[in-house]
Amino acid sequence: MDKPTIIVHVQKSVNYTLFDCKWIPVSPKFVLLGQYPKDTGALQVFEVSHGELKLVKEAEKQTSFKCGTFGASSLQQRYLATGDFKGNLNIWNLEDTGLPVYKVKAHKEIVNCIDGVGGLGIGEGAPEIATGSRDGSVKVWDPRQKDDPVATMAPGEGEAKRDCWAVAFGHAYNVHDRCLCAGYDNGDVKLFDLRKMKMRWETNLKNGVCGVEFDRKDIDMNKLVAATLESKFHVFDLRTQHPEKGFASVSEKAHKSTVWGAKHLPQNRDVFMTLGGNGSLALWKYEYPAKRVVKDKEDREMGAAGTINFVQNMTLSTQPINSFDWSPDKLGLAVCTSFDQQVRVLLTTRLNTL
């Protein structure tokens with residue numbers, strides 16, 4: 001029992017399909033997003049109190065919710081940005097969910113994924129929200145600017161549209177620099193440099209990319225995890241980019257099923273949880289190699305991949321675990337949802353030993 005253990009602290013059934021969950025920063029509350037059977041949007045806020053889940057707020061909206069983020073909001077406001085099935089980006093004040101404080105028709109089709117940066121005291125620069133859609137485009141929004149995105153990455157005339165399933169901000173360690181990573185249904189991973197407004201790197205992982213996440217948003221790029229169909233996930237070392245080979249990476253098989261995503265522990269960037277299509281969670285730790293940078297034959301620097309060590313796993317459901325969020329405030333506290341319409345609050349012990 002000297003290694004970390006994943007414990008279900010409390011679980012609850014809901015009467016709608018769950019798509020996303022997020023801890024409300026600096027609070028014992030989290031928000032759930034999903035779809036009622038009649039195709040309306042479900043938004044519920046729960047508080048964890050004395051081993052129970054207490055419903056503190058709920059709202060039903062015209063359009064089903066797919067994803068949400070607090071990443072572009074200040075710690076004072078804690079506004080939630082959501083993407084929905086009709087391509088809308090809305091920002092909500094959870095104290096009063098009557099009308100969104102910001103709304104824009106972001107895409108022609110469903111917003112599959114969303115991420116925020118420049119808020120919560122994490123990272124520098126403008127508050128920005130990225131949305132990825134089935135329409136093939138990835139857009140970056142500044143809530144202070146009405147109607148128009150500050151950046152759009154979309155296929156050119158005559159190019160095939162690929163469904164964008166995952167977006168993540170990173171490299172926001174000063175007021176000027178910022179990168180955005182996007183993953184697509186055909187296995188493409190694209191890294192955009194938002195300062196230079198150009199693509200910095202791309203690769204193809206052979207399987208649809210369900211989730212991407214930098215280990216930290218607010219540091220010089222360090223690592224990125226990409227989770228895919230066919231039981232695989234990949235960890236890229238982003239510290240050194242080789243002109244031809246790109247970034248060094250290592251891949252691992254997990255869950256015997258789709259890996260729906262990977263979430264890094266806020267208190268330790270080398271520890272992360274993967275979400276399984278078979279209803280399981282797996283905890284991993286990345287170990288750096290003795291030398292992170294090596295030289296090729298022509299004396300050019302290239303990265304060296306480390307190793308991924310399995311720590312612990314737990315099967316929670318017969319249905320996929322489709323969203324997961326670590327508490328930013330309490331080590332080991334997490335919330336996850338699955339397609340069995342259950343929300344589970346988890347405690348992972350002994351993480352400070354890793």
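The views below come from a predicted model, in which local features need pLDDT of at least 70 and side-chain atom pairs count only at pLDDT 80 or more, while totals for chains, interfaces and linings use all residues. Residues are numbered from 1 along each chain as its sequence is written, and side-chain values use heavy atoms, with hydrogens and water left out.

**View 1. Glu298 and Arg300 form a salt bridge, at 3.3 Å from N to O.** A salt bridge here is a side-chain nitrogen of Lys or Arg within 4 Å of a carboxyl oxygen of Asp or Glu, a rule that gives a count of 20. Arg300 is partly exposed at 22% relative accessibility, whereas Glu298, at 59%, is exposed. Through shared partners, salt bridges join Glu244, Asp296, Glu298 and Arg300 into one network.

**View 2. Asp142 and Arg144 meet through their side chains in a salt bridge of 2.8 Å, N to O.** Asp142 is buried, with a relative accessible area of 7%, while Arg144 is exposed at 62%.

**View 3. Lys190 and Glu202 are joined by a salt bridge of 3.2 Å, N to O.** Lys190 belongs to strand β16 (residues 188-193) and Glu202 to strand β17 (residues 198-204), so the pair ties together parts twelve residues apart in sequence; strands (E, at least two residues) are DSSP runs, numbered from the N terminus. Lys190 is buried, with a relative accessible area of 18%, and Glu202 is partly exposed at 45%.

Notes: Buried means under 20% relative accessible area, exposed over 50%, partly exposed in between (1.4 Å probe, protein chains only). Helices (H or I, at least four residues) and strands (E, at least two) are DSSP runs, numbered from the N terminus.
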